[in-house]
Amino acid sequence: MKIVVLIKNVPDTWGERRLDPQTGRVDRGASEAVIDEVGERAIEAALVYKDGADAEVVVMTMGPEAAKESLRKGLAMGADSAVHIKDDGLVGSDMVRTSGVLAAAIKQVGFDLVIAGDVSTDGGGGVVPAMVAEALGVPHLTHLDSVSITAQGVSGEREATGGVAEVRADLPAVVSVTERTPEGRFPNFRGIMRARKKPTQALSLGDIAGLPEQAVTRTSVLSAAQRPAREAGVKVVDEGDGGQKLFEYLSQENLV
């Protein structure tokens, strides 16, 4: 089985994250870039299957030169090879273009199963995996809290209104996982050393066959502004009437 895992290089969740007011895009120089944590969980889901079966795991990302570090970590975790889609023409791509380019690259590389995180921490769209599946013409199981892979298909559970939904699909398919799935394994020294010898393929737009005509950026940010500075809150001094003061404040703010 060939499993392609889609990962994304994002600003560190624990670092400062902000928009560039000039471009309206994420300022990727504001903090260190890392693999999105949910992407590590997607890699782990693939590696769990690989641990007990004959499978090839390919990590793929679309991003700038710095995204190589995320691919290296994926290889150190245990993936067999990596694909880096990098082209100046992709800067500022929206979800429509991103999904179209990823789908074309996945089709060119070949796959039985595609696994991705459900929502990136720097975008939060949560629709790219489903859009990739639509472009590939295969079923998709999204927002899975658990994943089970067999040679014939994939299944899992996801939260539903009032309960849990059990879903499954035959291969080939696309799935996305949530932060409720197991954490990614920590790369050991042996894995880090082996990662240096594993193949990484670099693809530009000109290297990808079958790019759809609709794989163009359809949206753009018209304006962006810095987040306003935090202001001091209202301090209530209880002199026997604290409850009344609190009630009056909540009433003024239409909170009660």
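Q: Where does Ser81 lie?
A: In this predicted model, Ser81 lies in strand S5, which spans residues 81–85.

Q: Is Ser81 buried or exposed?
A: Ser81 is buried: its relative accessible area is 13%, and the cut-off for buried is under 20%.

Q: And which residues does Ser81 touch?
A: Leaving aside residues up to four places away in sequence, Ser81 touches Glu56, Val57, Val58, Val59, Leu75 and Pro199.

Q: Changing topic: in what order do the strands of the open sheet come?
A: The order is S8-S9-S10, 3 strands with antiparallel pairing. Strands S8 (146–149) and S10 (163–170) stand at the edges; each has a single partner strand, so one side of each is left without a neighbour in the sheet. On average, neighbouring strands of this sheet are turned by 15° against each other, direction ignored.

Q: How many bridges join S9 to S10?
A: Strand S9 (residues 153–160) is joined to S10 by 8 bridges. One concerns Ala160, whose bridge partner in S10 is Gly163.

Q: Now helix H4. Which of its residues are buried?
A: In H4 (residues 128–136), they are Val128, Pro129, Val132, Ala133 and Leu136.

Q: Why are they on the same side of H4?
A: They cover an arc of only 140° around the axis, and this puts them on the same side of H4.

Q: What covers them?
A: The cover includes strands S1 (2–6), S6 (113–117), S7 (140–144) and S11 (173–177), together with helix H3 (95–109).

Q: What follows H4?
A: Gly137 follows H4, and its phi is positive, near 75°.

Terms used
Residues are numbered from 1 along each chain as its sequence is written. This is a predicted model: local features need pLDDT of at least 70, side-chain atom pairs count only at pLDDT 80 or more; totals for chains, interfaces and linings use all residues. Side-chain values use heavy atoms; hydrogens and water are left out. Helices (H or I, at least four residues) and strands (E, at least two) are DSSP runs, numbered from the N terminus. Buried means under 20% relative accessible area, exposed over 50%, partly exposed in between (1.4 Å probe, protein chains only). Contact means heavy atoms within 4.5 Å. Two strands pair if DSSP finds at least two bridges between them. Axes are lines fitted to C-alpha atoms, for helices over the stretch in contact, and angles run from 0 to 180 degrees between N-to-C directions. The arc is that of the directions from the helix axis to the C-beta atoms.
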